[in-house]
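Biologist: I have the structure open. Can you walk me through what was computed for it?
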Amino acid sequence: MGVEGCTKCIKYLLFVFNFIFWLAGGIILGVALWLRHDSQTTNILYLQLGDKQAPNTFYVGIYILIAVGAVMMFVGFLGCYGAIQESQCLLGTFFTCLVILFACEVAAGIWGFVNKDQIAKDVKQFYDQAFQQALMADSESSNAKAVAKTFHETLNCCGPDSAVSVITPLWREDLCPKKESLLETFTQSSSCHKKIDELFSGKLYLIGIAAIVVAVIMIFEMILSMVLCCGIRNSSVY
């Protein structure tokens, strides 16, 4: 015997929420893959300075997002099927998966909040080392110059701070993006530290919004799945 009345409304409401959850999983998976292959981050985080690799903390977060997106799509499908079939077993499994996912998301959110400035800080330190070595390097065999130029061309900046970004192009034109005139050098030169902050803070902000939206959907789904599960159990008694 199927559920009736308000419980039936909850059944279809849960199906709709699960479909949205499944779509959200697909969007997160797509955004994570875009962030993984974004030209700016890829150009910078694939760099190698001598034996030292660029910091990969950002990519660790991206790989976690890819896994979360894939799991969300599976759990969303499980919830849709469980709601339509009115299966207590599937709904119970779905609820358990949601609790685990929610706990993982909270843990990831805490980790992200604690390390939100560390990613940009690590990349800035890596850039500073490359920039200093590029200024002092006499040999073309050193790849510090190539690393610094990649930062400058990718982010359209030159030097770690505003003062250096104006002075460096005047005596090391080979390191900085070329400007059409001296006036542009003084007015349009940007600090690489500022550009690195903008690059990663913007992407972390996008990830944060997606996480909050997903968390809200998950809370609604946990409530609805339990109400529906209880409704199915009560309807089977009668």
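Biologist: What share of the 238 residues in the chain is buried?

Modeller: Buried residues make up 39% of them. Keep in mind that this is a predicted model.

Biologist: Of contacts between residues at least 6 apart in sequence, what share joins residues at least 24 apart?

Modeller: That share is 77%.

Biologist: Now the inside. Which residues in the largest nonpolar core touch the most other members?

Modeller: Leu 14, Phe 21, Met 72, Leu 98, Val 214 and Leu 228. The core has 24 residues.

Biologist: Which helices each supply at least two residues of this core?

Modeller: H1 (5-37), H3 (57-85), H4 (88-115) and H9 (192-237) do. H9 gives the most, with eight residues.

Biologist: Take Met 72. What is it in contact with, leaving aside neighbours within four places in sequence?

Modeller: Phe 21, Trp 22, Ala 24, Gly 25, Ile 28, Leu 101 and Val 214. There is also a second, separate core of 20 residues. Ile 62, Val 123, Cys 192 and Phe 200 are among its members.

Biologist: Changing topic: Asn 18. Where does it lie? And is it buried or exposed?

Modeller: Asn 18 lies in helix H1. It is buried, because its relative accessible area is 0% and the cut-off is under 20%.

Biologist: What is Asn 18 in contact with, beyond neighbours within four places in sequence?

Modeller: Gly 76, Gly 79, Cys 80, Phe 94 and Glu 221.

Biologist: Why does Cys 97 count as partly exposed?

Modeller: Its relative accessibility is 21%, so it falls between the 20% and 50% cut-offs. Cys 104 also counts as partly exposed, at 45%.

Biologist: On to charges. How many salt bridges does the count come to?

Modeller: Two. In one of them, Glu 86 pairs with Lys 11, and the closest N and O atoms are 2.8 Å apart. That pair links distant parts of the chain. Glu 86 sits in the loop between H3 and H4, Lys 11 is in helix H1, and they are 75 residues apart.

Biologist: Are Glu 86 and Lys 11 buried or exposed?

Modeller: Glu 86 and Lys 11 are both buried.

Biologist: And what does Lys 124 form a salt bridge with?

Modeller: Asp 197, with the closest N and O atoms 3.2 Å apart. Lys 124 lies in helix H5 (residues 118-136) and Asp 197 in helix H9, so the pair ties together parts that are 73 residues apart in sequence.

Biologist: Is Lys 124 buried or exposed? What about Asp 197?

Modeller: Lys 124 is buried, with a relative accessible area of 19%. The limit is under 20%, so it falls on the buried side. Asp 197 is partly exposed, at 33%.

Biologist: Back to the outside. Which residues form the nonpolar patch on the surface?

Modeller: Tyr 12, Phe 15, Val 16, Phe 19, Ile 20, Trp 22, Leu 23, Phe 77, Tyr 81 and Ile 84. Together they have about 920 Å² of accessible area.

Biologist: Which helices each supply at least two residues of the nonpolar patch?

Modeller: H1 and H3. H1 gives the most, with seven residues.

Biologist: Pick Val 16 from that set. Where is it found? And how accessible is it?

Modeller: Val 16 is found in helix H1. It is partly exposed, with a relative accessible area of 44%.

Biologist: One more residue: Ser 39. Where does it lie?

Modeller: Ser 39 lies in helix H2 (residues 39-45). Its relative accessible area is 46%, so Ser 39 is partly exposed.

Biologist: How far is its C-alpha atom from that of Thr 154?

Modeller: The C-alpha atoms of Ser 39 and Thr 154 are separated by 8.4 Å. Along the chain, the two residues are 115 residues apart.

Notes
Residues are numbered from 1 along each chain as its sequence is written. This is a predicted model: local features need pLDDT of at least 70, side-chain atom pairs count only at pLDDT 80 or more; totals for chains, interfaces and linings use all residues. Side-chain values use heavy atoms; hydrogens and water are left out. A nonpolar core is a set of buried Ala, Val, Leu, Ile, Met, Phe, Trp, Tyr and Cys residues joined through side-chain atoms within 4.5 Å. Buried means under 20% relative accessible area, exposed over 50%, partly exposed in between (1.4 Å probe, protein chains only). Helices (H or I, at least four residues) and strands (E, at least two) are DSSP runs, numbered from the N terminus. Contact means heavy atoms within 4.5 Å. Patches are made of residues with over 30% relative accessible area and no salt bridge: like charges are joined within 9 Å, nonpolar side chains (Val, Leu, Ile, Met, Phe, Trp, Tyr) within 5 Å. Accessible areas come from the Shrake-Rupley method with a 1.4 Å probe; for residues, only the protein chains shown count as cover. A salt bridge is a side-chain nitrogen of Lys or Arg within 4 Å of a carboxyl oxygen of Asp or Glu.
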